[in-house]
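Please keep the view at hand while reading.

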Amino acid sequence: MAAKKVYAVRNGRKTGIFTTWAECKAQVDGFPGARYKGFTDPNEATAWLNLDYVPPYGGAPKTAASQPVAEAKADFDDAADYIIYTDGSCLRNPDGPGGWAAVIADQIEGNLTELHGGDASTTNNRMELTAALQALSFARQGAVIDLYTDSQYLKNAFTKNWLVSWKRKGWVTAAGTPVKNQDLWQQLDAAFAAHKVRFHWVKGHVGVAQNERCDELAKAEAMKFQ
């Protein structure tokens with residue numbers, strides 16, 4: 001049986017890895033300067049897309065990062081000091097046991113760090129936010145960070161200016177309801193202000209090694225409360 005292909009879009013309506021040709025085509029068909037490629041190995045697809053990182057499980061470390069193409073436009077093009085993957089998990093959402101994890105590749109010192117923890121009663125979104133907060137708190141002050149997440153909730157708050165709007169309105173949503181997870185959002189707001197962060201959205205469960213590792217660690221933490 002032929003290996004299932006995945007498609008990496010480096011330049012298109014949306015960038016990232018897609019599991020079907022139809023999804024890929026929707027991003028590149030008729031898009032000026034579209035760049036995309038098919039792969040049978042999701043890890044190779046990620047490497048081609050935008051990643052030069054410290055190998056997580058052996059191999060010679062790389063200390064010079066490429067300049068990934070961020071999904072959200074950033075006003076800087078510095079090479080990354082850190083490449084970070086984060087994920088959160090909740091076994092019963094909401095109010096079930098949950099876990100969070102971050103895989104942090106230090107591109108300057110060539111180190112790889114795995115952070116993880118959990119909570120007996122939480123939500124998936126709180127675990128996603130906690131993972132990012134812990135990772136950013138770990139990074140050196142003023143670092144350039146490429147942050148990979150499969151959480152649209154986390155990414156969109158920054159790339160679609162939800163957070164700016166919430167703050168302006170006194171931490172209420174457009175519908176006039178209190179913003180959920182305000183405590184974590186306020187801490188994240190301060191953490192992001194201390195760094196230069198580019199967001200990259202990663203489709204979950206398509207075999208991207210670092211994303212899968214985060215998922216594994218987060219679920220293991222959640223299971224400790226079972």
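## Strand pairing

Two strands are said to pair if DSSP finds at least two bridges between them. The model described here is predicted. In it, strand β4 (residues 82-90) and β5 pair in the antiparallel sense, with nine bridges.

## Hairpin turns

Five residues separate β4 from β5, and the two strands form a hairpin. In its turn, Asp95 has a positive phi of about 65 degrees. The hairpin of β5 and β6 has four residues between the strands, and Gly110 takes a positive phi near 75 degrees.

Is strand β5 largely enclosed or open? Eleven of the eleven residues of β5 (residues 96-106) are buried, so the strand is largely enclosed by the rest of the structure.

Leu129 belongs to helix α3, which spans residues 124-138. Leu129 counts as buried because its relative accessibility is 0%, and the cut-off for buried is under 20%.

Leaving aside residues up to four places away in sequence, Leu129 touches Tyr153, Leu154, Asn181, Leu184, Trp185 and Leu188. Of these contacts, Trp185 lies 56 residues from Leu129 in sequence, while the C-alpha to C-alpha distance between Leu129 and Trp185 is 7.7 Å.

Note on methods: Residues numbered from 1 in each chain as written. Predicted model: local features only at pLDDT ≥ 70, side-chain atom pairs only at ≥ 80, totals over all residues. Heavy atoms only, no water. Buried < 20%, exposed > 50% of the residue type's maximum accessible area, 1.4 Å probe, protein only. Contact = heavy atoms within 4.5 Å.
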